[in-house]
Structures are given as C-alpha cells and as structure tokens.
Protein chains: 2
Amino acid sequence: MKIIPGQKAINNVSRRAFVSSGALAILSTRFGMASGGQAQGDPLPSWNEGPAKTAILGFVRDTTDKSSSKYVEPASRIATFDQDGTLWTEQPVYGQAAFALARIGEMAPSHPEWKDKEPFKSVLARDHAAMGKFTEGDWLQIVAVTHAGMNTEVFQQLVKDWLAKAKAPRFDRPYTDLVYQPMLEVLQYLRTNGFKTYIVTGGGIEFVRAYSEKVYGVPPEQVVGSSGLTTYDISSGKPVLMREAKPFFIDDGPGKAIGINLFIGRRPQAAFGNSGSTDMKSGDAQMLEWTQAGEGARLMMLVHHDDAKRVWRGC
Amino acid sequence: MKIIPGQKAINNVSRRAFVSSGALAILSTRFGMASGGQAQGDPLPSWNEGPAKTAILGFVRDTTDKSSSKYVEPASRIATFDQDGTLWTEQPVYGQAAFALARIGEMAPSHPEWKDKEPFKSVLARDHAAMGKFTEGDWLQIVAVTHAGMNTEVFQQLVKDWLAKAKAPRFDRPYTDLVYQPMLEVLQYLRTNGFKTYIVTGGGIEFVRAYSEKVYGVPPEQVVGSSGLTTYDISSGKPVLMREAKPFFIDDGPGKAIGINLFIGRRPQAAFGNSGSTDMKSGDAQMLEWTQAGEGARLMMLVHHDDAKRVWRGC
C-alpha cells in the first residue's frame with residue numbers, strides 16, 4: 001500500500017533477495033519508511049539499509065557501468081514484476097476478485113435466478129465462509145459472467161468505472177492506493193537507469209492494463225497477463241473484439257516464463273515476485289528461475305510478507 | 001528488396017493508401033528510386049511524389065503537431081507492419097518456408113525414411129510442382145519437424161545460422177537483403193517522429209525475432225506473430241522452453257486484430273499491409289479495419305505489388 005503519513009500500521013515487508021551468483025544466495029532484510037540517515041538523493045528512500053537494498057543498488061550500478069564486466073546494453077534491460085502481493089496488496093482477496101464480486105452485485109437485478117443458484121447465491125448473501133470454500137469451477141462461473149460476453153472496450157470501461165468508485169473495506173481507500181511504495185521506488189529507479197519495466201501477472205491482462213500506466217507508470221504494451229479467448233466480430237458495422245468465456249492463456253507458474261518469452265522475447269535481467277516455491281504450478285518461481293538461468297548479472301527478488309508488525313497481511 | 005545501385009530490375013510498387021476519413025479513400029501511386037526533384041532532407045527519398053507519400057507526410061505532420069486537432073500523444077503513437085510482402089519479399093516462397101525446406105535437406109541424413117515419405121520426398125527431390133500443391137497438412141508436417149521438438153534458444157540459433165549462409169536463388173543474396181527500401185524509410189521516419197513500430201506477422205514470432213532488430217530496427221518485444229505451444233521444462237538442471245508441434249496462436253486475418261490487442265493493448269494509429277480483402281480469413285484486412293475503427297487520425301496503407309516493370313514479383 002502507499003505509505004500514508006500519520007497512519008499507524010503500515011508497510012513492513014521482509015524480503016529475500018536472490019542474487020545470481022551461480023548458486024542462490026538468500027539474503028534477508030526489511031524495509032520501512034524513511035527514518036533519517038539515508039543518503040541525500042537516495043533512489044530507494046522507503047527501504048531500510050540492508051542486503052536487499054544493497055543488492056538492488058549494486059545490480060543497477062554494475063549493469064549500467066560500461067566498464068563493468070556485468071554491463072548490460074540498454075536494449076536488454078528488462079525487469080519484470082508480479083503484481084498481486086508484489087506491487088499491490090492481495091489481501092483479503094485479489095483486486096480482480098473484488099471487481100468480479102462487485103459486478104455480481106450490480107448485475108443481480110437482471111438475474112433473479114442467482115438468488116437460488118450457487119456460487120452467485122453466496123456472493124449475494126455476502127457469505128464469506130462459503131466464498132472462502134469456492135472451487136476453481138465456482139470462480140470460473142463468476143469470471144464467465146463478469147468478464148466475458150462483452151467487447152474489450154466495454155470491459156475496460158467497467159474496470160475503470162469500478163476502480164473510480166470502489167473502496168477497499170479496511171482502509172476505505174481506492175484499491176489502486178494499496179500499492180507498495182517501496183516497489184514504486186524500484187520501478188522508477190530501474191526506469192531511470194534505462195530498464196524497461198514489465199508487469200507479469202497471473203491476473204487478467206486487460207484488467208491490469210486498465211490502470212497500470214496511471215498507477216505504476218507501466219504502459220499497456222508492457223503488461224503480460226492471463227487472458228481469455230477473444231474473437232473478431234462486426235457489430236453495427238464496426239469491428240469489435242469479443243471476450244469469450246473460455247481461458248486462452250494462464251500467465252502463472254510456468255506460464256510466467258512462457259508468457260515472458262512469448263510477449264517480450266527477451267529474458268529479464270531482473271525479476272520480482274512474492275511466491276517462489278518451485279514445486280508450485282502457480283506463482284513466480286518459474287519466472288525467477290528463468291531469469292536466473294540467463295548469463296551475466298541477474299537480480300531475482302522475492303517479496304515475502306512475513307512480519308505482522310509493520311505490514312498489513314489481511315484478515 | 002534493398003535498392004542495389006547498378007541493378008536493373010528493381011522496386012516498383014504500386015500502392016493503395018487508405019486514409020481514414022469516414023469512408024475508405026483509395027489512393028494509388030507508385031514509388032521508385034530517388035530520381036531528383038525531391039526536397040532536401042526528404043524523409044522518404046525512395047518514394048515518388050504522389051498521394052501515398054503525401055498521405056504519410058500529412059499523417060505524421062498532423063499527429064505530431066500539438067496545435068492540430070489530430071495530435072496524438074507520443075505514448076499512443078503505435079504503427080504496425082505486416083512483414084511478408086510488405087517489408088520483405090514473399091516470392092517465390094515465404095522466407096520462413098525457405099528455412100523449413102532447407103532444414104529438411106539438412107536433417108535428411110538422419111531420416112532415411114523421408115526418401116519415400118511425402119511431403120518430405122518431394123522436398124528432397126526439389127519437385128517444385130509437387131510442393132506447389134502441398135496442402136496445409138503437408139506444411140504442418142514440415143513445420144512440425146523443422147520448428148518443434150527443440151528449445152527456443154536452439155531454434156533461434158538455427159534461424160540465425162541459416163540466415164547467415166542462405167542465399168535467395170534469384171539474387172544470390174541473403175534473404176534479409178530482400179527488404180523494401182521504401183518501407184525501411186517509413187519505419188525510420190515514423191520512429192523519428194515518436195512512433196513505436198511493431199511487426200504484426202502471420203509468420204512465426206520467434207523466427208522473425210531472430211533478425212527483426214538487425215534488419216528493421218524493430219526489437220523482439222515489438223514483434224507480434226504466430227506461435228506454437230511452448231512448455232516449461234528442466235533439462236540438465238536448467239529451465240528451458242520447449243517448442244511443441246502444436247499451434248498456439250495464429251496471427252493472421254482476424255488474428256492480427258486479436259494479436260494487436262493481446263500483445264500491444266493499444267489500437268494502432270497507422271497500419272501497413274499487403275493483403276486486404278475483408279472476406280479473407282488471412283492477411284491484413286482485419287488489422288487495417290481495426291486500425292481504421294479508432295477515433296482521430298489513422299493511416300491505413302495497402303502495399304500492392306501490381307507493376308511487373310519495376311518490382312520483382314517472383315516466378
């Protein structure tokens with residue numbers, strides 16, 4: 001989340017920074033608000049001094065110094081970032097899930113049958129216990145009615161309209177405020193040093209594109225994400241792209257490495273995620289692993305929310 | 001193809017330029033080598049004066065002039081280009097088909113059974129009449145053995161190695177020399193004016209990425225193309241992306257509009273293709289149509305090779 005001056009319980013994130021050096025070196029540190037003592041012109045003022053910050057600064061210094069053996073040509077300076085849990089909060093539910101649940105509520109008057117039909121019934125009854133037990137099939141039904149059956153422009157407008165009015169319940173603030181200030185600093189710091197910053201998200205590519213430029217400074221063409229099938233159609237004499245209720249590409253787990261290769265066509269020099277167990281089929285492990293397998297200087301960083309004192313981890 | 005001083009039979013291309021003005025205005029002109037009379041500092045010296053050149057210059061002037069009602073913010077300046085037949089020659093066969101046929105020859109010693117098995121038998125016998133009648137299924141078999149069953153890095157290296165040694169038979173020059181000089185000028189002119197230039201090709205995305213930066217100045221992340229399924233695997237402890245013999249995305253016809261939306265997430269301001277019949281399921285029609293359906297200034301241009309005197313059209 002953004003660091004809001006005066007607010008008490010805020011950012012604390014402990015990190016493990018993977019620095020490429022043959023084997024994985026696991027570092028650990030914490031960052032918080034600037035608390036004095038930082039050098040003037042510090043590009044990462046929200047980060048505490050420590051190995052993670054040192055690793056980022058060192059990586060950028062090495063890759064941008066022409067006299068360094070680790071120098072990287074500007075064209076190859078690609079950095080990829082997971083979104084949920086890395087750039088913004090993923091608790092208590094993913095932002096996109098909150099959007100879908102809100103849409104169910106908005107659409108309910110046209111669907112009286114939902115009152116008696118799961119999974120819609122539990123959503124409309126705000127039965128959090130039942131929702132917590134939703135299967136993948138339940139979520140697919142919810143996504144189908146809220147994300148498909150409309151064209152791409154209508155969908156993007158729905159997302160923008162929701163973001164403009166929705167408030168995350170705990171903080172009563174827009175979801176797009178619940179971004180991690182330290183990560184915004186890293187995004188900006190890398191861009192200042194000639195890196196092209198990409199979001200590589202398991203979330204929907206068109207959902208994230210609706211706000212990525214405004215919130216993260218990442219333009220639509222630098223968002224890689226999951227997508228449903230779209231089809232080309234002519235509606236009232238005008239071409240439209242219709243969103244179908246059928247998954248097309250799942251940009252998660254192994255899909256993140258596949259998506260990076262497909263959409264970007266270059267291996268990242270740096271990658272940031274928050275879920276890194278390599279035996280998982282979801283999360284960021286393969287993105288980090290794929291990044292690390294490249295030659296030269298590579299920075300792999302795993303944001304790990306494991307300190308309840310200073311970061312809000314959700315309910 | 002590149003204009004080679006001293007060579008006799010070269011570029012002549014007649015074009016229809018679609019300029020967005022509610023209905024399609026079909027213009028027609030020709031371009032050739034600079035023949036004197038061009039203004040100094042002409043950004044398009046290989047283009048004859050005429051409506052197509054005027055349309056391009058006018059489009060760039062309008063979209064980059066802050067006082068114009070047609071001004072376009074730099075971030076939205078996206079221009080997309082078909083490759084085969086638009087940026088380089090597609091005669092007598094697509095460059096990628098030439099690569100595949102050459103690979104069959106190279107692989108033949110390990111496949112003695114191909115001597116008696118179609119479609120390989122005809123390829124190895126250089127039976128052009130038979131190859132001319134190959135079905136889509138025949139080509140899929142050829143693509144399967146030449147483009148799949150290896151990892152993405154191995155494939156890119158094969159393409160680079162082939163491009164370094166292969167010569168297009170008619171000109172005895174590398175395939176990457178057979179690019180249209182006037183289109184190189186348009187690519188550069190648009191980039192000079194803040195446009196991001198993309199290749200949107202029915203050809204293979206990884207095939208084109210192997211040379212797009214060197215030949216066209218278009219980096220890998222600005223190539224949208226067709227792709228086969230890739231899977232994530234670990235080989236000798238190292239992650240690899242394996243190319244499977246299964247189509248994943250066909251970036252052709254309606255797929256070009258879908259691909260632009262999926263990979264770029266913005267509607268182009270300008271699009272260039274060479275096959276434009278809207279009842280076709282392949283080619284550039286839908287890319288041009290999708291571009292035209294946007295608001296404000298849009299430039300749609302159809303390169304049409306219909307003048308045998310000055311352009312080489314193949315066999």
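Guide: Contact means heavy atoms within 4.5 Å. The model here is predicted. With that cut-off, the contact between the chains takes 38 residues from chain A and 38 residues from chain B.

Visitor: How much area do chain A and chain B bury between them, and what makes it buried area?

Guide: About 3100 Å². Buried area is the accessible area that two parts lose on being put together, summed over both. Carbon and sulfur atoms hold 57% of it. On the chain A side, A:Glu221, A:Tyr232 and A:Leu262 lose the most area to chain B. Together they give 21% of what that side buries.

Visitor: Why is the pair B:Arg266 and A:Glu221 called a salt bridge?

Guide: The rule asks for a side-chain nitrogen of Lys or Arg within 4 Å of a carboxyl oxygen of Asp or Glu. The closest N and O atoms of B:Arg266 and A:Glu221 are 2.8 Å apart. That is within 4 Å, so the pair counts as a salt bridge.

Visitor: Where do the two partners, B:Arg266 and A:Glu221, sit?

Guide: The pair crosses between chains. B:Arg266 is in the loop between α10 (254–264) and β8 (270–273) of chain B. A:Glu221 is in the loop between α9 (212–216) and β7 (223–235) of chain A.

Visitor: Are B:Arg266 and A:Glu221 buried or exposed, and how do you know?

Guide: Buried means under 20% relative accessible area. B:Arg266 has 12%, so it is buried. A:Glu221 has 10%, so it is buried.

Visitor: Which side chain of chain B, a Lys, also meets A:Glu221 in a salt bridge?

Guide: B:Lys196 does, at 2.8 Å, N to O. Between chain A and chain B the count is 8 salt bridges. Over all chains, the whole structure has 26.

Visitor: What makes B:Asp177 and B:Arg173 a salt bridge?

Guide: Their side chains meet at 2.8 Å, N to O. The limit is 4 Å, so the pair qualifies. B:Asp177 has 16% relative accessibility and therefore counts as buried. B:Arg173 has 27%, so it is partly exposed, the class between 20% and 50%.

Visitor: Which residues do salt bridges that share partners join into one network?

Guide: A:Lys196, A:Arg266, B:Glu213 and B:Glu221.

Visitor: How do you know that the salt bridge of B:Lys165 and B:Glu106 links distant parts of the chain?

Guide: The side chains meet at 3.0 Å, N to O. B:Lys165 is in helix α6 (residues 152–165) of chain B. B:Glu106 is in helix α2 (residues 95–107) of chain B. They are 59 residues apart. B:Glu106 has a relative accessible area of 38%, so it is partly exposed.

Visitor: Why is the aromatic pair A:Phe99 and A:Phe155 called edge-to-face?

Guide: A pair of aromatic rings is described by the distance of the centres and the angle of the planes. The centres of A:Phe99 and A:Phe155 are 5.9 Å apart. The limit is 6.5 Å, so they pair. Their planes are 85 degrees apart.

Visitor: What parts does the A:Phe99 and A:Phe155 pair tie together?

Guide: A:Phe99 lies in helix α2 (residues 95–107) of chain A and A:Phe155 in helix α6 (residues 152–165) of chain A. The pair therefore ties together parts that are 56 residues apart in sequence. Both A:Phe99 and A:Phe155 are buried.

Visitor: Why is the pair A:Tyr211 and A:Tyr216 called tilted?

Guide: The planes of A:Tyr211 and A:Tyr216 are 55 degrees apart, with 6.4 Å centre to centre. Stacked needs under 30 degrees and edge-to-face over 60, so this pair is tilted. A:Tyr211 is buried at 4% relative accessibility. A:Tyr216 is buried at 2%. Both residues belong to one aromatic cluster, whose members include A:Trp88, A:Trp162, A:Tyr175 and A:Phe207.

Visitor: How do you know that A:Arg267 lies over the face of A:Trp290?

Guide: CZ of Arg must be within 6 Å of the ring centre and within 35 degrees of the ring normal. A:Arg267 is at 3.8 Å from the ring centre of A:Trp290 and lies over its face. In chain B, B:Arg267 lies over the face of B:Trp290, at 3.8 Å from the ring centre.

Visitor: Why is helix α11 of chain B called largely enclosed?

Guide: Helix α11 (residues 285–292) of chain B has 7 of its 8 residues buried, so it is largely enclosed by the rest of the structure. B:Trp290 is one of the buried residues, and B:Met287 and B:Leu288 are also among them.

Conventions
Residues are numbered from 1 along each chain as its sequence is written. Chains are lettered from A and ligands numbered from 1 in the order in which they are written. This is a predicted model: local features need pLDDT of at least 70, side-chain atom pairs count only at pLDDT 80 or more; totals for chains, interfaces and linings use all residues. Side-chain values use heavy atoms; hydrogens and water are left out. Buried means under 20% relative accessible area, exposed over 50%, partly exposed in between (1.4 Å probe, protein chains only). Helices (H or I, at least four residues) and strands (E, at least two) are DSSP runs, numbered from the N terminus. Rings of Phe, Tyr and Trp (its six-membered ring) pair if their centres lie within 6.5 Å; planes under 30 degrees apart count as stacked, over 60 as edge-to-face and the rest as tilted. Buried area is the accessible area (1.4 Å probe) that two parts lose on being put together, summed over both.
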